[in-house]
Amino acid sequence: MQESIDAVRGWIEASTRIVVLTGAGVSTESGIPDFRGPHGVWTKNPLAEKLSNIHHYLSDPEVRKLSWQHRLDHPTWHAKPNAGHIALVELERRGKLHALITQNIDGLHQRAGNAPERVIEVHGTLHEVVCMSCGWRGPMQATLERVRAGEADPPCTICSGILKSATISFGQALVPEVIDRAMQAAEAADLLLAVGSSLQVYPVANVVPAAKAAGARIVIVNAEPTPFDDMADAVLAGRTGDVLPRLCAKRGHR
Ligand code: APR
Ligand code: ZN
């Protein structure tokens, strides 16, 4: 693999508009399980994927109560950015990062030091709560305090509507301007680095062919094969925490 690491380092050196697309695999080394990997949430409990559908959440108070219990001790609250996140900050510091599109809801890219305005959270964020009726948004921790104080399914304080984490669940549409921004970034890329994603969820997976069609080099870093491997210019099968620091460090470092 070393020769491809050196080749990709050369491409990164020559690039000025790198777009990174991250998935849950970039956060597993921070203690947040992914979904479809060998120990993924959906892998271990296919029913959980069904229950994560917005229609179940809106129609069944029992599903909501269970969701609030899971949010109380979500691994995100104890997670810290790992070497993979930090390596991607280095790309930004080197003036090479055009945009960081993330499917993750953990906010670890921003905590690692990537500028929030450069991070495109296509599946939303766990750090905020939204009212499904009036659109009110507030900090997740304040609503978790209400759950800890005994409200099993806290309603919106403004309109008594259903509250949910500000994440995009299955069955829910992505925010149009957010996915448009991600696709525009992909079309402007000279190098797309797809990291820690099984690239199975749409419309975000379209970022890869969009970047390819726009002439970008495609590099995939993932522990397992993805459906886009044969479209890639390089596929680095390894742990993001090992591979990314070797790819993103300035020449002469590492
Ligand atoms: N290093 C490299 N790859 C890893 C690591 C790691 N440390 N840990 C896990 N992986 C790989 C897994 O092998 C898997 O192929 O990361 C990939 C994660 O894929 P998924 O679990 O499918 O996560 P993701 O691609 O982000 O899923 C997209 O699906 O469930 C929805 O909304 C959810 O945003 C999520 C979306
Ligand atoms: Zn409301």
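Okay, let's start at the metal. The four donor atoms around the zinc ion, ligand 2, subtend angles of 98 to 116°, which makes the arrangement tetrahedral. Keep in mind that this is a predicted model. The donors are the SG atoms of C131, C134, C156 and C159, and they lie 2.2 to 2.4 Å from the zinc. If you like to read sites off the chain, the spacing of these donors is C-x2-C-x21-C-x2-C. C134 sits in the loop between β4 and β5, while C159 belongs to the loop between α8 and β6, so this pair ties together parts that are 25 residues apart in sequence.

Are those two cysteines hidden away or out in the open? C134 has 39% relative accessibility, so it counts as partly exposed. C159 comes in at 32%, so C159 is partly exposed as well.

Now the strands next to the site. Six of the eight residues of β4 are buried, so this strand is largely enclosed by the rest of the structure. β4 runs antiparallel to β6, with five bridges joining them. In that pairing, C131, one of the zinc donors, stands opposite L163 of β6. β4 is also antiparallel to β5, this time through three bridges, and there E128 faces P139. The β4–β5 hairpin has five residues between its strands, and G135 takes a positive phi near 85° there.

On to helix α8, residues 140–148. Its buried residues are M140, T143, L144, R146 and V147. Look down the axis of α8 and they fall within an arc of 150°, so they line one face of the helix. What does that set pack against? The partners are α5, β4, β5 and β6. Just past the end of α8, G150 has a positive phi of about 115°.

Let's move to the other sheet. Six strands make an open, parallel sheet, in the order β3-β2-β1-β7-β8-β9. At the edges we have β3, residues 119–121, and β9, residues 234–237, each pairing on one side only. From one strand to the next, the twist averages 15°. β8, residues 217–222, pairs with β9 in the parallel sense over four bridges, and V221 stands opposite L236 of β9. Helix α11, residues 240–248, packs on this sheet and touches β7, β8 and β9. The direction of α11 makes about 160° with that of β7.

Last stop, R118. Where is it? In the loop between α7 and β3. With 31% relative accessibility, R118 counts as partly exposed. The C-alpha atoms of R118 and L100 are separated by 6.0 Å, though the two residues are 18 apart along the chain. Leaving out residues up to four places away in sequence, R118 touches E92, L97, H98, A99, L100 and R181.

E92 is in helix α6, residues 83–93. Is E92 buried or exposed? Its relative accessible area is 18%, and the cut-off for buried is under 20%, so E92 counts as buried. Setting aside neighbours within four places in sequence, E92 is in contact with L97, G113, N114, A115 and R118. L97 turns up in the contacts of R118 and in those of E92 too.

That's my tour, so over to you.

Technical notes:
Residues numbered from 1 in each chain as written. Chains lettered and ligands numbered in written order. Predicted model: local features only at pLDDT ≥ 70, side-chain atom pairs only at ≥ 80, totals over all residues. Heavy atoms only, no water. Buried < 20%, exposed > 50% of the residue type's maximum accessible area, 1.4 Å probe, protein only. Arc of directions from axis to C-beta. Contact = heavy atoms within 4.5 Å. Donors = N, O, S within 2.8 Å, 3.2 Å for Na, K, Ca; no water. Tetrahedral: all angles 85-135°; square planar, octahedral: opposite > 155°, others 65-115°. Pairing = 2+ DSSP bridges. Axes fitted to C-alpha atoms, helices over the stretch in contact; angles between N-to-C directions.
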